[in-house]
Amino acid sequence: MVKDNNNNIDSTVLKSIVDQLKDLPGALLPILHAIQSEAGYIPDDSVPIIATALNLSRAEVHGVISFYHDFKTVPTGAHRVQICRAEACQSMGSRQLEAHAKRALAVEFGDTTADGRITLEAVYCLGNCACSPSVRIDDSIHGRVDQPSFDQLIAYIEAGEG
Amino acid sequence: MTVFYIPQDTTALALGADKVAEALLDAGGEQDQSIELVRNGSRGLFWLEPMLEVDTDRGRIAFGPVSAQDISCILDSLSTDPSSHPLYLGVVDEIPYLASQQRLTFARAGRGDPLSLENYIGLNGYQGLHNALQITHQQIVDQVRESGLRGRGGAAFPAGIKWQTVLDSPSDQKYIVCNADEGDSGTFADRLLMEADPYQLIEGITIAGLAVGATQGYIYLRSEYPLAHSLLNKAIAKARRAGYLGADIQGSGKTFNLEVRLGAGAYICGEETALLESLEGKRGVVRAKPPLPAVEGLFRKPTVVNNVLTLAAVCTVLEQGAEAYKEFGTGNSRGTLAIQLAGNIKRGGLIELAFGTTLREVVEDYGQGTYSGRPIRAIQVGGPLGAFMPESQWDTPLDYEAFTAVEAMLGHGGIVVFDDTVDMSEQAQFSMQFCAIESCGKCTPCRIGAVRGVEVIERIVANQDRDNNIILLRDLCDTMEYGSLCAMGGMTAYPVRSALDHFAEDFQRSGPDKAGDN
């Protein structure tokens, strides 16, 4: 990630992302994904740059960012932990898992742990419904997660960083 | 040299397939055996994942579910008597769960490396495209119409009619959009296909392009599927290099380009018009129809929007012919259905069968009851907008019309099983809550009604003026059903009403009605 000390993405990097993608048909989502994968979120500074490049109003760009659950406007934790709340996972005890995760990490959905390592999120279906409950940690998906195995996964994240 | 297979599939990986692969390669080194490891797709027998397959004189045999610790013991058994190993499953194609299926779309799933084009072509891949290149636009559309293929994404609209409309709409540019925003809980067939057999989807989309005269296709994939994303991009690049995409496909002079676009975590974008808005770079807000997307779709141009499995099935239709495809199924539900057995189930997985099997047969014969071992209480079919079905309805055959007749929805064939610990008032409330979270906001009954629905159910459960609040809830369901543009608001009523109708006792748990308390 190219960030300065204030956790902001370098504006030349931002402009080059926008320039590379702006001519795609329907370029806005690809641009937002690219910025988020670079910076970890969509910084406010990027909105006017995107708006100018795509000939949109800033309100339109903001409207799109705020519509989609994936796009974040503030920095998130180093790791994203998502717990599936959809029906198949509920049938296998995800409500209890969700309560346990919130307790264990001392956060609510959408929040980041005090040490900045983990952002906990709700997700609705990871496509692993025959082996529920499912948890996604960054890009890896875990099945049949119970409370002890959840704790193990979290310990593994923390050890990986320690 | 012995060839081993361990799937690279989201579910197999979620259950530790990578660790098994690592253990196998380590053990291979130690025992100085020459091991070739193929990372195949999954067969969809998810309760057996990670499933290890081995090529032998008897054919491909399997072990599962395998963990890393089992590897050395399995390797030992191979040189003596594999069938003596407790995880031995026999010859893969003879495993009853698989052998009893009628696999057309999923026939190749799990047979080899999903990215091997040679493997795909060796297993009759690109035969459908080859045939499509020999005939006219109209003849391709005729084949699809005659096959009786209906949209597999849930709405079950006849694919041939949609294609005909796009073919008949003159335009300088037309599009094929593949809806791979498989957001419904209890569904994973699209994902499985994209991860196990991505070329089939690419072929189907290309055939659709040839049929209607479109030169550009998009796969709108949900961001919750990172593995499918990476596999599809690699497969598209390989197909292009091999002349199956791009200009002059296989020397035919025809052009078709394909690109994957990622969604951003919005359930509503599985609705076709919201999906088109999203692809255009806008908020995923539902459009009023008409105009139909087939007439004015992506960037206001004629567009075929079909689900992953619909487009994949087109390969079978063009390869084997409409008549062969139509032989499967019953009534107006022709071909095969990818049944996805999920939730609290002992043997969950992908079951491809001709339409007409009963729900009970699937859940009891294939599924073998619940994972928890407790009795089944409710089954939700067709995703979060499908009805909860009580035992009295489990003999309904899996057929679009038969489900509609009992006010349920077959949809895409996703089945979520709940045991007797489920509280159906909680599930009804969740249905409303999910609608409130995921509503695009366009229609007031959906946007506001879902929020009110959560509150009304809370009052019912708390026994505040229960009888009147139940009347209010039913009235709200009607308002949402008749006052919303799309299925999100329109069908949230189905699970809620079915919970009220068939599981009324769950709304009465806090004692007798105390009307007027609030």
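Q: How many helices and strands does chain B have?
A: In this predicted model, chain B has 22 helices and 16 strands.

Q: What share of the residues of chain B counts as buried?
A: The share is 57% of the 518 residues. To be counted, a residue needs 20 or more other C-beta atoms within 10 Å of its own.

Q: Why is Gln320(B) called partly exposed?
A: Gln320(B) has 17 other C-beta atoms within 10 Å. A buried residue needs 20 or more and an exposed one has 12 or fewer; the count of 17 lies in between, so Gln320(B) is partly exposed. This residue is found in helix α13 (residues 308-320) of chain B. Its C-alpha atom is separated by 45 Å from that of Ala436(B), 116 residues apart along the chain.

Q: What makes helix α22 of chain B mostly covered?
A: Of the 10 residues in α22 (residues 493-502), 8 are buried. They are Ala493(B), Tyr494(B), Pro495(B), Val496(B), Arg497(B), Ser498(B), Ala499(B) and Leu500(B). The cover over these buried residues includes the strands β14 (376-381) and β15 (388-389) of chain B. It also includes the helices α17 (424-438), α19 (449-461), α20 (466-483) and α21 (487-491) of chain B.

Q: Which residues touch the most other members of the largest nonpolar core?
A: Val177(B) and Leu193(B) do, in a core of 212 residues. Leaving aside neighbours within four places in sequence, the contacts of Val177(B) include Tyr218(B), Tyr220(B), Leu275(B), Leu276(B) and Leu279(B). Further contacts of Val177(B) are Leu298(B), Thr303(B), Val304(B) and Val305(B). In soluble globular proteins, nonpolar side chains tend to be buried together.

Q: What share of the contacts in chain B with a separation of 6 or more joins residues 24 or more positions apart?
A: Such pairs account for 72% of those contacts.

Q: Where do the domains of chain B lie, and how many residues link domain 1 and domain 3?
A: Chain B is divided into domain 1 (2-96), domain 2 (117-326), domain 3 (329-419) and domain 4 (424-507). In the pairing of domains 1 and 3, 4 residues of domain 1 of chain B are in contact with 5 residues of domain 3 of chain B. The side of domain 1 that touches domain 3 has 3 nonpolar, 1 polar and no charged residues. The centres of these two domains, taken over C-alpha atoms, are separated by 30 Å.

Q: How many residues of chain B are in contact with chain A?
A: There are 47 residues of chain B in contact with 34 residues of chain A. On the chain B side, α1 (10-14), β8 (257-262), α12 (272-279), β12 (336-343) and β16 (414-419) each supply at least two residues. The largest share, 4 residues, comes from α1(B). By class, this side divides into 23 nonpolar, 16 polar and 8 charged residues.

Q: What is the predictor's confidence in chain B, and where is the pLDDT below 50?
A: The mean pLDDT of chain B is 96, and 98% of its residues reach 70 or more. Over residues 514-518 of chain B the pLDDT is below 50, and this stretch has 9 contacts beyond near neighbours in sequence. The model scores ipTM 0.95 and pTM 0.96.

Methods: Residues numbered from 1 in each chain as written. Chains lettered and ligands numbered in written order. Predicted model: local features only at pLDDT ≥ 70, side-chain atom pairs only at ≥ 80, totals over all residues. Contact = placed C-beta atoms within 7 Å. Nonpolar A, V, L, I, M, F, W, Y, C, P; charged D, E, K, R; others polar. Domains from an automatic or database assignment. Core = buried A, V, L, I, M, F, W, Y, C linked by C-beta atoms within 7 Å. pLDDT = per-residue confidence, 0-100.
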